Amino acid sequence: MTSPLAPRAVVRRIPAYVPGARAAVDQRAHKLSSNENPFPPLPSVRDAVAEAAVQLNRYPDMFATELGEALAARHGVEPAAVVAGCGSVAVLGHVLQAFCDAGDEVVHAWRSFEAYPILVGLQGAVGVEVPLTADGRHDLGAMAAAVTERTRALLVCSPNNPTGPAVRHAELVELLAAVPERVLVVLDEAYVEFVRHDGAVDSAAVLAAHPNVVVLRTFSKAYGLAALRVGYAVARPAIASAIRTASTPFGVNHLAQVAALASLRAEDELMERVDAVVAERDRLLAGLRAQGWSVPDAQGNFVWLPAGPRTVDLAADAVKHGVLVRPFAGEGLRITVGDAEANARVLELAESWPRTA
Ligand SMILES: *Cc1c(COP(=O)(O)O)cnc(C)c1O
């Protein structure tokens with residue numbers, strides 16, 4: 001406490017980020033604990049990365065210019081509206097650094113992405129956690145009502161990690177109408193490519209209509225590049241410019257830039273894989289519900305098993321059976337959709353467990 005090297009009090013209070021369990025090197029296990037893509041990289045992407053390795057002695061393009069241009073074209077915005085970073089988690093950190101002073105409030109749902117309290121706390125901002133509804137959805141009405149004159153940002157995680165449901169366009173438009181323009185509304189769409197419900201958010205329309213919106217996307221999930229760390233924000237150029245100012249210099253490494261570009265070129269092939277994951281997700285969800293589990297809607301590449309007080313025990317049982325899942329003690333298990341074999345194991349395991357309604 002009295003050490004002259006004590007970190008800031010907020011740093012001592014912040015809970016550690018818990019990464020998904022990893023298998024020992026020699027262990028054959030289904031790793032369903034980090035919402036990764038079960039498919040290995042496409043040969044075209046791997047080749048592009050291998051070729052790019054000859055330039056490892058050079059710094060990357062600091063502004064990821066070519067990638068930014070490709071993303072801008074894809075989103076129908078100008079390149080100045082796109083900021084890439086070392087994963088969309090880093091980009092969110094930069095958003096908060098650019099916009100939040102100490103003591104400013106950041107409204108977000110809870111339970112939601114575990115990085116939010118960490119990033120908000122590190123910034124010295126105050127997280128205002130709004131409980132999810134009983135079916136794992138954002139309570140957007142309560143979130144709008146939680147906005148005060150101290151609120152600087154409101155985070156919407158859609159689909160919500162770890163519970164699964166996504167917000168709909170109409171309810172997001174309603175939220176944006178209720179929230180003053182001085183509040184930044186950050187739409188974290190890490191899993192948007194897996195969304196299949198009616199009335200899905202049209203983020204381009206939302207961005208065009210509202211100057212206070214930031215959309216976050218990532219190459220870690222649907223595009224299968226989790227190891228390379230690349231994500232980005234799309235926002236009005238003035239906002240994007242502020243995020244860029246806060247960004248780590250050279251934050252997107254050269255291999256990541258090249259792999260992301262190669263993935264955009266192979267988008268059709270990658271989206272077929274996303275369709276396959278979605279089909280497996282729907283099979284898994286239906287199977288679990290048929291077993292009597294009360295599983296919320298799953299719009300990402302994962303399902304939420306509300307196991308309550310048994311959560312930790314069930315996660316340990318899963319490990320014993322070669323399946324790594326992500327427990328949230330006392331609440332439930334988040335299980336990533338894997339390949340057909342892994343999902344079959346999950347269904348077998350879940351069948352053997354007592355249901356906790
Ligand atoms: C996985 C995830 C991200 C993306 O993380 P990266 O840093 O881009 O790998 C962002 N938001 C949520 C909710 C996630 O689950």
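A salt bridge (a side-chain nitrogen of Lys or Arg within 4 Å of a carboxyl oxygen of Asp or Glu) connects Arg74 and Glu267, whose closest N and O atoms are 2.8 Å apart. Arg74 belongs to helix H3 (residues 65-75) and Glu267 to helix H11 (residues 267-290), so the pair ties together parts that are 193 residues apart in sequence. Helices (H or I, at least four residues) and strands (E, at least two) are DSSP runs, numbered from the N terminus. Glu267 is buried, with a relative accessible area of 18%, whereas Arg74, at 33%, is partly exposed. These classes are defined as buried under 20% relative accessible area, exposed over 50% and partly exposed in between (1.4 Å probe, protein chains only).

The structure is a predicted model, in which local features need pLDDT of at least 70 and side-chain atom pairs count only at pLDDT 80 or more, while totals for chains, interfaces and linings use all residues. Residues are numbered from 1 along each chain as its sequence is written, and side-chain values use heavy atoms, with hydrogens and water left out.

Across the whole structure, 14 salt bridges were found. One of them pairs Arg345 with Glu348, with the closest N and O atoms 2.4 Å apart. These two residues are three positions apart in helix H13 (residues 340-352) and are therefore separated by about one helical turn. Both ends of this pair are partly exposed: Arg345 has a relative accessibility of 22% and Glu348 one of 48%. A further salt bridge joins Arg355 to Glu351, at 3.3 Å between the closest N and O atoms. Arg355 is partly exposed at 31% relative accessible area, and Glu351 is likewise partly exposed at 47%. Elsewhere, Asp135, Arg137 and Asp297 are linked in a network of salt bridges.

The ligand is surrounded by 13 residues (each with a heavy atom within 4 Å of the ligand), the closest being Tyr191, Thr218, Ser220, Lys221 and Arg229. The ligand taken alone exposes 380 Å², of which the protein buries 93%; accessible areas come from the Shrake-Rupley method with a 1.4 Å probe, and for residues only the protein chains shown count as cover.

Arg229, one of the residues closest to the ligand, is found in the loop between strand E7 (213-218) and strand E8 (231-235). The phi angle of Arg229 is near 65°, a positive value in a residue other than glycine. With a relative accessible area of 32%, Arg229 is partly exposed. A positive phi, near 55°, also occurs at Phe250, again a residue other than glycine. Phe250 is located in the loop between helix H9 (237-246) and helix H10 (254-265) and is partly exposed at 31% relative accessibility. Together with Tyr59, Met62 and Phe63, Phe250 forms a nonpolar surface patch with about 470 Å² of accessible area. Patches are made of residues with over 30% relative accessible area and no salt bridge, like charges being joined within 9 Å and nonpolar side chains (Val, Leu, Ile, Met, Phe, Trp, Tyr) within 5 Å.

Helix H5 (residues 115-122) is mostly covered, with seven of its eight residues buried: Ala115, Tyr116, Pro117, Ile118, Leu119, Val120 and Gly121. The elements in contact with these buried residues (heavy atoms within 4.5 Å) include helix H1 (9-13), helix H4 (88-99), strand E3 (105-110), strand E4 (126-131), E5 and strand E6 (184-188). Just after H5, Gly124 adopts a positive phi of about 80°.
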